[in-house]
Amino acid sequence: MKILIIEDEILLADSLKALLQKKGFQVECVYNGEDGAAFAETEIYDLLILDVMIPKMNGYEVSRRVREKRLGTPILMLTAKSEVEDEIEGLNAGADYYLTKPFDNRKLLACINALLRRQGPQINELTVGNTALNLSNSQLSCGENSIRLSSKEFDVMRYLMSSQGQILPKEMILCRVWGFNSNAVENNVEVYVGLLRKKLRHIGSNVRIEAVRRMGYLMEVDETC
């Protein structure tokens, strides 16, 4: 399962990330509200952990924007504000639970597990055309043919499949997969897209990753295959 942490206190965000990774979650961090909302709208997260007092767009605004997009991703809101009115504002903005800082990590984990249980059975596979990506074991398959993806290949493919029909700029893929603080460059995206194209052909997929000049990449299904 994948969790997005939206928190401007970098030490806290990194601490939460380390804690959750030890529990087996995939975790990403962003440090302001605008980036948090943009990432959340990709719909590939199972949970958002959202601080209220963050720059560019506060947590209440991020939560409202996510809900306006009709996204049902659970939101766990973190804040130093403990007044009842603040909690009511958070819940009215679309948060599912409101946790006041400082908090015990055991309570945080209990809240996360409770929110994830509410979602029922989790989607374990993405499908585009005749091709499926297993989110548990990173297997890309088409009929009886399958191949395992590396960690970065999996992240790029998951993002592309989740955004089918949308043109994804290279810089967006770069930030989404490698992170804002990475030294990776757009050439990294090109290399991994090339690797994925080869693997799609290898398993007989009718899915194509098309390059849209000066714009980015678009995943399409070739109906003639």
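## A tour of the cores and cysteines

Start by selecting Cys111, which counts as buried at 8% relative accessibility. Bear in mind as you look around that this is a predicted model. Searching the whole structure for disulfides gives zero. While you have cysteines on screen, click on Cys142 too; this residue is buried, with a relative accessible area of 9%.

Next, the largest nonpolar core, which holds 28 residues. Select Leu133, Met157, Leu160, Ile173, Ile209 and Met219, the members with the most contacts inside this core. Then colour the elements that give two or more residues to it, among them β6 (125-128), β8 (139-142), α7 (170-178) and β10 (207-212). Helix α6 supplies the largest share, six residues.

Zoom in on Leu160. Leaving aside residues up to four places away in sequence, Leu160 touches Leu168, Ile173, Ile209, Tyr217 and Met219.

Last stop: display helix α6 (residues 151-162) with helix α8 (residues 186-202), whose axes lie 10 Å apart and meet at an angle of about 85°. The two helices are therefore roughly perpendicular. On the α6 side, pick Lys152, Glu153, Val156 and Met157; on the α8 side, the contact uses Tyr192, Leu195, Leu196, Lys199 and Leu200. Colour this contact by class and you get six nonpolar, three charged and no polar residues.

Key. Residues numbered from 1 in each chain as written. Predicted model: local features only at pLDDT ≥ 70, side-chain atom pairs only at ≥ 80, totals over all residues. Heavy atoms only, no water. Axes fitted to C-alpha atoms, helices over the stretch in contact; angles between N-to-C directions. Helix = DSSP H or I, 4+ residues; strand = E, 2+ residues; numbered from the N terminus. Parallel < 35°, antiparallel > 145°, perpendicular 65-115°, else oblique. Contact = heavy atoms within 4.5 Å. Nonpolar A, V, L, I, M, F, W, Y, C, P; charged D, E, K, R; others polar. Disulfide = S-S within 2.5 Å. Buried < 20%, exposed > 50% of the residue type's maximum accessible area, 1.4 Å probe, protein only. Core = buried A, V, L, I, M, F, W, Y, C linked by side-chain atoms within 4.5 Å.
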